[in-house]
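Me: Hello! I am new to this structure and would like to learn how to read it. Could you take me through it one feature at a time?

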Amino acid sequence: MRIDRLGGVHRMSSLQSGQGSGQRSAMPAIADVQVTDLTAALKHGISDFMRAPSFGLVIGGLFALIGSMIVLALTIWNIPWMIYPFAIGFPLVGPFAAVGLYEVSRQLAKGKKPQWHDVFSVIWAQRRREVSWMAFVMLFVFWVWMYQVRLLIALFLGLVSFASFEEFVRVIFTTDQGLIFLAAGHVVGAILALILFSITVFSIPLLLEREIDIVTAMIVSVKAVLQSPVAMLGWGVFVTLSIILASLPLFAGLFLVLPVLGHATWHLYDRTISRKPA
């Protein structure tokens, strides 16, 4: 089966049928990313959310609910001081939460009306594909982030325990050791976020759309970031800050911010990664 896309004829991806074809795609060509591509992708993201808001609200709401439940658990377990590093690191797994949103945007681009059973069937099908391994990579990086927070606390603040989140905030903002911890933590976090952003920004939609191995997908994603470093770094900073700010009011802002950014990322991928081999 073939479809027409932007004047060209391309093979229908395995995502459309929900099953892989067993064939591996060649290394795709990569286009330069300009600021105009970022703004266009964001406009398309807003448009997709407005055209199919229920998908974005449900997926964003589920992500917000998970975040709120983990914060509640940290409070119950008497480690409320972990709320801040958790809230900062939580966006690291954001790209995986957008898997369903990518499918919604793909359906809208074809002129179809997305259906819940189609979207969930695509998400469910990924358990047997390379995207599941990418989820493991993202969760591993998130675990490294949380572990290094505990390590930095031990190095700069000593083996201490905080009775409340307010006490933790007071220590890190009013003591020399706390400020050093804060600076070191954000530097390490920025490095981890940059690494994860580079290997996932295009690899996840690439793995969803065609049969390609995870290593090749990550290489393509990193090459795309290195090919347009200024624009892509700007996009990464924008996405990270947007999700962090949306997470501040008990993750409530993710209802809107996550779906818009998810749809926008698909369109940025669509403008950057060619269906033709390099």
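Reply: Gladly! L155, for instance, is found in helix α8, residues 131-156. This is a predicted model, in which local features need pLDDT of at least 70 and side-chain atom pairs count only at pLDDT 80 or more, while totals for chains, interfaces and linings use all residues. Residues are numbered from 1 along each chain as its sequence is written, and side-chain values use heavy atoms, with hydrogens and water left out.

Me: How many helices and strands are there in the protein chain?

Reply: The protein chain has 14 helices and four strands.

Me: What does pLDDT tell me, and where is confidence lowest and highest?

Reply: pLDDT is the predictor's confidence in each residue, from 0 to 100. The protein chain has a mean of 81, with 86% of its residues at 70 or more. Confidence is lowest in strand β2 (residues 8-11), with a mean of 37, and highest in helix α2 (residues 35-51), with 95. Over residues 1-24 pLDDT stays under 50, and the model has 41 contacts beyond four places in sequence for them; a contact means heavy atoms within 4.5 Å. Where pLDDT is low, the predicted coordinates should not be read in detail.

Me: Which residues make the nonpolar surface patch?

Reply: The general idea is that patches are made of residues with over 30% relative accessible area and no salt bridge; like charges are joined within 9 Å, and nonpolar side chains (Val, Leu, Ile, Met, Phe, Trp, Tyr) within 5 Å. The areas come from the Shrake-Rupley method with a 1.4 Å probe, and for residues only the protein chains shown count as cover. In this structure W133, F136, F140, W143, Y147, L151 and L155 make a nonpolar patch of about 870 Å². As for the surface as a whole, the protein chain exposes about 14000 Å², and carbon and sulfur atoms supply 70% of it.

Me: What is a salt bridge, and how many does the count come to?

Reply: Side chains of opposite charge can pair when their charged atoms come close. The rule asks for a side-chain nitrogen of Lys or Arg within 4 Å of a carboxyl oxygen of Asp or Glu. By that rule the count comes to four. One of them joins D37 and R271, whose closest N and O atoms are 3.0 Å apart. This pair links distant parts of the chain, since D37 is in helix α2 and R271 in helix α14 (residues 254-272), 234 residues apart. D37 is buried because its relative accessibility is 12%, whereas R271, at 38%, is partly exposed.

Me: Where do E103 and R106 lie?

Reply: Both lie in helix α6 (residues 99-109), three residues apart, about one turn of the helix. An α-helix has 3.6 residues a turn, so residues three or four places apart point the same way. E103 and R106 form a salt bridge with closest N and O atoms 2.9 Å apart, and both residues are buried.

Me: How do I read the length of a helix, taking α14 as the case?

Reply: The expected span is 1.5 Å times one less than the number of residues. α14 has 19 residues and reaches 26 Å from its first C-alpha to its last, close to the expected 27 Å. Of those 19 residues, 14 are buried, so α14 is largely enclosed by the rest of the structure.

Note on methods
Helix = DSSP H or I, 4+ residues; strand = E, 2+ residues; numbered from the N terminus. Buried < 20%, exposed > 50% of the residue type's maximum accessible area, 1.4 Å probe, protein only.
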